[in-house]
Amino acid sequence: MTDFEREIVKSFNQFFKQGGVEGIAYRLKQHRFTSQMLDVLVDSPHKNFYLGIECKSVSTKKGAAALYFTQHFGTGQILRIDEFIKKSGRRGILAVELRRGSGKTREAHIINWTELRKRYAKGLVGFTVNEIVQFPEIRRKGGRYIIVPEAWRD
């Protein structure tokens, strides 16, 4: 599990606990020779928090100008995730963390899976960093991501 995935799980569970909202975020154990459907699953009776989240971390310090479908996703991964989202009834989210280098603040943004699906179907290569920052941000406070309900509404 990457730090970003771990932070998302902790942030959701802290939000649920502090806000008195029913829900739980978790990550399924990944086995060596089986593919994992999504990085983080969020279960809640509240439809805005019944989620499947795929987390990607992009280092912009190393010159990455975009999140590319072919580079940042494994072969067939987008189609497998898409199928899982459809069958499970979850709302799919792509959470993208932009790492700017040591000493600089990280930021993360959420992209609805339907937007990713549209781009992928059109044959587009991914999302540029400039496009990513236009999507809702997962705010940080004290070095932790903060879950704000409005950002996760459908």
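At 13% relative accessibility, Gln77 counts as buried, where buried means under 20% relative accessible area, exposed over 50% and partly exposed in between, using a 1.4 Å probe and protein chains only. Gln77 sits in helix H3; helices (H or I, at least four residues) and strands (E, at least two) are DSSP runs, numbered from the N terminus. Leaving aside neighbours within four places in sequence, Gln77 is in contact with Glu54, Lys56 and His72, contact meaning heavy atoms within 4.5 Å.

A word on the ground rules: this is a predicted model, in which local features need pLDDT of at least 70 and side-chain atom pairs count only at pLDDT 80 or more, while totals for chains, interfaces and linings use all residues. Residues are numbered from 1 along each chain as its sequence is written, and side-chain values use heavy atoms, with hydrogens and water left out.

The axes of helix H3 (residues 77–88) and helix H4 (residues 113–121) come within 11 Å and cross at roughly 135°. These axes are lines fitted to C-alpha atoms, for helices over the stretch in contact, and the angles run from 0 to 180 degrees between N-to-C directions. H3 and H4 are therefore oblique to each other; angles under 35 degrees count as roughly parallel, over 145 as roughly antiparallel, 65 to 115 as roughly perpendicular and the rest as oblique. On the H3 side, Ile78, Leu79, Ile81, Asp82, Ile85 and Lys86 make the contact, and they meet Trp113, Leu116, Arg117 and Tyr120 of H4.

**The nonpolar cores**

Which residues touch the most other members of the largest nonpolar core? They are Ile8, Phe12, Val40, Val42, Phe49, Ile53 and Trp152, out of 21 residues in that core. A nonpolar core here is a set of buried Ala, Val, Leu, Ile, Met, Phe, Trp, Tyr and Cys residues joined through side-chain atoms within 4.5 Å. Helix H1 (3–19) and strands E2 (40–43), E3 (51–59), E5 (91–99) and E6 (107–112) each supply at least two residues of this core, and the largest share, six residues, comes from H1. A second, separate core of 19 residues includes Phe69, Ile81, Ile85 and Ile132.

Glu97 lies in strand E5 and is buried, with a relative accessible area of 2%. Not counting residues up to four places away in sequence, Glu97 touches Phe4, Lys56, Ser57, Val58, Arg106, Glu107, Ala108 and Tyr145.

Arg90 is found in the loop between H3 and E5, and at 9% relative accessibility Arg90 also counts as buried. Beyond its neighbours within four places in sequence, its contacts include Tyr26, Asp43, Tyr50, Phe84 and Ile85.

Ala65 lies in the loop between E3 and strand E4 (66–68). Is Ala65 buried or partly exposed? With a relative accessible area of 46%, Ala65 is partly exposed. Its contacts, apart from neighbours within four places in sequence, are Thr128 and Val129.

| Pair | Separation in sequence | C-alpha distance |
|---|---|---|
| Glu97 and Ile110 | 13 residues | 9.0 Å |
| Arg90 and Asn48 | 42 residues | 9.2 Å |
| Ala65 and Phe127 | 62 residues | 8.8 Å |
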